[in-house]
Amino acid sequence: VALRSLRFAYPGEARLALDDICLQLGPTERIALVGASGSGKSTLLHVLLRFWDVPAGSLFLEGRDVCEQPPDAVRSRIAFAAQRAHVFTGTLRDNLTLGHLTPDPKALKAVLEGLCLDALVAALPDGLDAWVGEEGQKLSGGERQRLALARALLREAPLLLLDEPLAHLDALTARATLVASHSLIGLEDYDQVLVLDRGRVVECGAPAVLARRGGRYGRLLALQRTARAIDECGACG
């Protein structure tokens, strides 16, 4: 993925939702988008998915301008897990194989284990053929999120977009990955972090470098680590 001074405003809006965004994401690189709600993280993912049009020459996928390609052709090369996980009425298997052929058994096993869904499958009498209810009503919120994420990970697409994913995905994917996240904890091994504020990149760099620099990323990371430590102390009594 390559973004070149990308600018975008929602129809009828004067203010830019994304302003002069530049980004280069290689085939196996992982980049995290962080920032407060409304900073533009989800908007950028939706622009990449061609839910909205952008100026020609500002967004490239695999070296080709997305404006020269049909939206469906662009989306066919992207796997996406939204912040609000959508589970379809059907079985676990139906939801996992949606939109692609039956996954390789080894890949399926690795993803289920990596997302702690293997225990759920083992506990159900019908295993992967268990009925999840209307829109996944028989599953907990966390199970629905993990199921939707597993579906995205199993899809054979060169680009993976995740909106507020679970942690520890390192062993589950080796493709270009762009993550939007409120949490800065767990991003230490990412190749790059972009800190967004009101649609603009205000900091950019390797996580360790940004943490040492003491700017916005470093301050937010310190606050989140302190908050987690307080929660853990409280849980221990």
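Biologist: What follows helix α1 in this predicted model?

Modeller: Arg50 follows α1, and the phi of Arg50 is positive, near 65°.

Biologist: What makes you call helix α1 mostly covered?

Modeller: Buried means under 20% relative accessible area, and six of the eight residues of α1 (residues 41–48) are buried. They are Lys41, Thr43, Leu44, Leu45, Val47 and Leu48.

Biologist: How do you know that strands β9 and β10 pair?

Modeller: Two strands pair if DSSP finds at least two bridges between them. Five bridges join β9 (residues 192–197) to β10 (residues 200–205), so the two count as paired. They run antiparallel, and Val195 stands opposite Glu203 in β10.

Biologist: What lies between β9 and β10 in the hairpin?

Modeller: Two residues lie between them, and Arg198 in the turn has a positive phi of about 55°.

Biologist: Why is the set with Val34, Leu96, Val193 and Tyr217 called a nonpolar core?

Modeller: A nonpolar core takes buried residues of listed types, Val, Leu and Tyr included, joined through side-chain atoms within 4.5 Å. The largest such core has 35 residues, and those four have the most contacts inside it. Helix α6 (residues 141–154) gives the most to this core, with six residues.

Biologist: Which residues is Tyr217 in contact with, leaving aside its neighbours within four places in sequence?

Modeller: Among them are Val34, Val193, Val195 and Glu203. Leu184, Leu187, Pro207, Leu210 and Ala211 are also in contact with Tyr217.

Biologist: How many residues does the second core have?

Modeller: The second, separate core has 29 residues, including Leu49, Val54, Leu59 and Ala176.

Methods. Residues numbered from 1 in each chain as written. Predicted model: local features only at pLDDT ≥ 70, side-chain atom pairs only at ≥ 80, totals over all residues. Heavy atoms only, no water. Helix = DSSP H or I, 4+ residues; strand = E, 2+ residues; numbered from the N terminus. Buried < 20%, exposed > 50% of the residue type's maximum accessible area, 1.4 Å probe, protein only. Contact = heavy atoms within 4.5 Å.
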